[in-house]
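Subject: Structure for your review

Dear colleague,

Please find the structure below, together with its sequence. My notes on what was found in it follow directly after.

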Amino acid sequence: MKETILATAKEALLVEIEAIKGLESYLNDDFYQVIDALMQCKGKLVVSGIGKSAIIAQKIVATCISTGTAAAYLHAADAIHGDSGLIGPEDIVMIISKSGESPEIKSLIQLIQQFGNTIVGMTGNQDSYLAKSSKYILNTYVTKEA
């Protein structure tokens, strides 16, 4: 039992290490453009997602705030049900979604497009609605999850 638990934990770590190594190839012009846009942003970074991506969005916002970057978390479902007032005219909106295809994400994108804000899509599906609707795409594709 002990050996199985330790072997499983080690395998999970190795899968995560390989996934992180793979992200290096995704550091491209869009990545640079996102950083540049955030440095010039007169508003705040609004980060949104649904499901587990929403939890990641909360963590990104917490990290931004602790480093002095103006940021706010907005749950995608709440946004499409009235909380979109959190998004200001000079804000950049980052939307996180593994598939980039969930109904809440699609509705949120349509709403943000009406506002005219810059959309940064963070997704593992480069052919998704989110990717095609974003000004910048941060590719998070992994071949295997731990």
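A residue counts as exposed when its relative accessible area is over 50%, and as buried when that value is under 20%; partly exposed lies in between. Please bear in mind that this is a predicted model. With the cut-off in hand, Met39 is classed as exposed because its relative accessibility is 66%. Met39 belongs to helix H2, which covers residues 29-40. Together with Leu27, Phe31 and Ile35, Met39 makes a nonpolar surface patch of about 420 Å².

Overall architecture

The protein chain contains six helices and five strands. Read from the N terminus, the order of these elements is α-α-β-α-β-α-β-α-β-α-β. Along the principal axes, the C-alpha atoms fill a box of roughly 55 × 35 × 30 Å. The chain has 146 residues, of which 38% count as buried. Among contacts with a separation of 6 or more, 66% come from residues 24 or more positions apart. The protein chain exposes about 8700 Å², and carbon and sulfur atoms supply 58% of that area.

Helix H3

Helix H3 spans residues 52-66, 15 residues in total. From its first C-alpha to its last, H3 reaches 22 Å, close to the 21 Å expected at 1.5 Å a residue. Which residues of H3 are buried? They are Ser53, Ala54, Ala57, Val61 and Cys64. Viewed down the axis of H3, these buried residues fall within an arc of 100°, and they therefore line one face of the helix. The cover over the buried residues of H3 includes strand S1 (45-49), strand S2 (71-75) and strand S3 (92-96). On the face turned away from the buried side, H3 carries the exposed residues Lys52, Ile55, Lys59 and Ser66. After H3 comes Gly68, which has a positive phi, near 90°.

Salt bridges

Side chains of opposite charge can pair when their charged atoms come close. The structure holds three salt bridges, and each is described below.

The pair Glu18 and Lys21 has its closest N and O atoms 3.5 Å apart. Because Glu18 and Lys21 are three residues apart in helix H1 (residues 2-23), about one helical turn separates them. Both Glu18 and Lys21 are exposed.

In the salt bridge of Asp91 with Lys44, the closest N and O atoms are 2.7 Å apart. Asp91 counts as buried because its relative accessibility is 5%, a value under the 20% limit.

Glu101 and Lys106 also meet through their side chains, at 3.2 Å from N to O. Glu101 is partly exposed, given its relative accessibility of 31%. Lys106 is likewise partly exposed, with a relative accessible area of 29%.

With kind regards

Terms used: Residues are numbered from 1 along each chain as its sequence is written. This is a predicted model: local features need pLDDT of at least 70, side-chain atom pairs count only at pLDDT 80 or more; totals for chains, interfaces and linings use all residues. Side-chain values use heavy atoms; hydrogens and water are left out. Patches are made of residues with over 30% relative accessible area and no salt bridge: like charges are joined within 9 Å, nonpolar side chains (Val, Leu, Ile, Met, Phe, Trp, Tyr) within 5 Å. Accessible areas come from the Shrake-Rupley method with a 1.4 Å probe; for residues, only the protein chains shown count as cover. A salt bridge is a side-chain nitrogen of Lys or Arg within 4 Å of a carboxyl oxygen of Asp or Glu. Helices (H or I, at least four residues) and strands (E, at least two) are DSSP runs, numbered from the N terminus. Buried means under 20% relative accessible area, exposed over 50%, partly exposed in between (1.4 Å probe, protein chains only). The expected span of a helix is 1.5 Å times one less than its number of residues. The arc is that of the directions from the helix axis to the C-beta atoms. Contact means heavy atoms within 4.5 Å.
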